[in-house]
Amino acid sequence: MEEKLAMKSRFKRVCVFCGSSTGNRSSYREAALDLGQELVSRKLDLVYGGGSAGLMGLIAHEVHRGGGHVLGIIPKTLMCKEVGLLNVEGYYNYLLTFIDKAVDDGFIGPSQRHIIVSAPTATELVQKLEEYVPVHDGVVAKARWEVEQVELNASLQSEIAR
């Protein structure tokens, strides 16, 4: 069996920021696995968000399976307060479009998208922030996480079996 030579890199480790969900397209999962394999081939360690779910989990598992070192960092608190964007002359339109795309592709939940409040004037923005009511997924979020864990485990088992 021919062993693949490790490619040289100027880095020792790479920090990866990606979804804690696998998204709605198989191409995202394939890209995550490819990234994990690329890190292994270059003998690069992985620093990531610390979760075992979603794309983060796929990359971490792939690097670990390939013999690489994996360091997971889980923040103590996650953002749960509203965020106000003063969207003067549409300055943040592309950011909002990007975030909406992340919701459509399954990386951000609709309730998480809801924390971002924008308006074109200060008066409107402050008014919207004053009227803001948090949306919580509650039990639904926990159930979704459990389903994602089951799906991830099944996916990882099929990858290992290959």
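F107 counts as partly exposed, at 24% relative accessibility. On that scale buried means under 20% relative accessible area, exposed over 50%, and partly exposed in between (1.4 Å probe, protein chains only). Keep in mind that this is a predicted model: local features need pLDDT of at least 70, side-chain atom pairs count only at pLDDT 80 or more, and totals for chains, interfaces and linings use all residues. Residues are numbered from 1 along each chain as its sequence is written, and side-chain values use heavy atoms, with hydrogens and water left out.

So what does F107 pair with? The structure holds two aromatic pairs, and in one of them the rings of Y28 and F107 sit edge-to-face. Rings of Phe, Tyr and Trp (its six-membered ring) pair if their centres lie within 6.5 Å; planes under 30 degrees apart are stacked, over 60 edge-to-face, and the rest tilted.

| Pair | Centre to centre | Angle between planes |
|---|---|---|
| Y28 and F107 | 4.9 Å | 65 degrees |
| Y91 and Y92 | 4.9 Å | 85 degrees |

Y28 lies in helix α1 (residues 26–41) and F107 in the loop between α3 (93–104) and α4, so their pair ties together parts that are 79 residues apart in sequence. Helices here are DSSP runs (H or I, at least four residues), numbered from the N terminus. Y28 is partly exposed too, at 22%. In the other pair, Y91 is exposed at 62% relative accessibility, while Y92 is partly exposed at 27%.

Now for R113, which is found in helix α4 (residues 110–113). Its side chain makes a polar contact of 2.6 Å with that of D100. That term covers a pair of N or O atoms within 3.5 Å; within protein, one must be able to donate a hydrogen and the other to accept it, and residues adjacent in sequence count only if both atoms are side-chain atoms. Leaving aside residues up to four places away in sequence, R113 touches L96, I99, D100, V103 and I108, where contact means heavy atoms within 4.5 Å.

Among the buried ones are L55, M56, L58 and I59. Just after α2, G67 takes a positive phi of about 95 degrees.

How far can you trust all this? The protein chain averages a pLDDT of 80, and 75% of the residues score at least 70; pLDDT is the predictor's confidence in each residue, from 0 to 100. Among the chain's elements, α3 has the highest mean (93) and helix α6 (residues 139–161) the lowest (54).

Conventions: Helix = DSSP H or I, 4+ residues; strand = E, 2+ residues; numbered from the N terminus.
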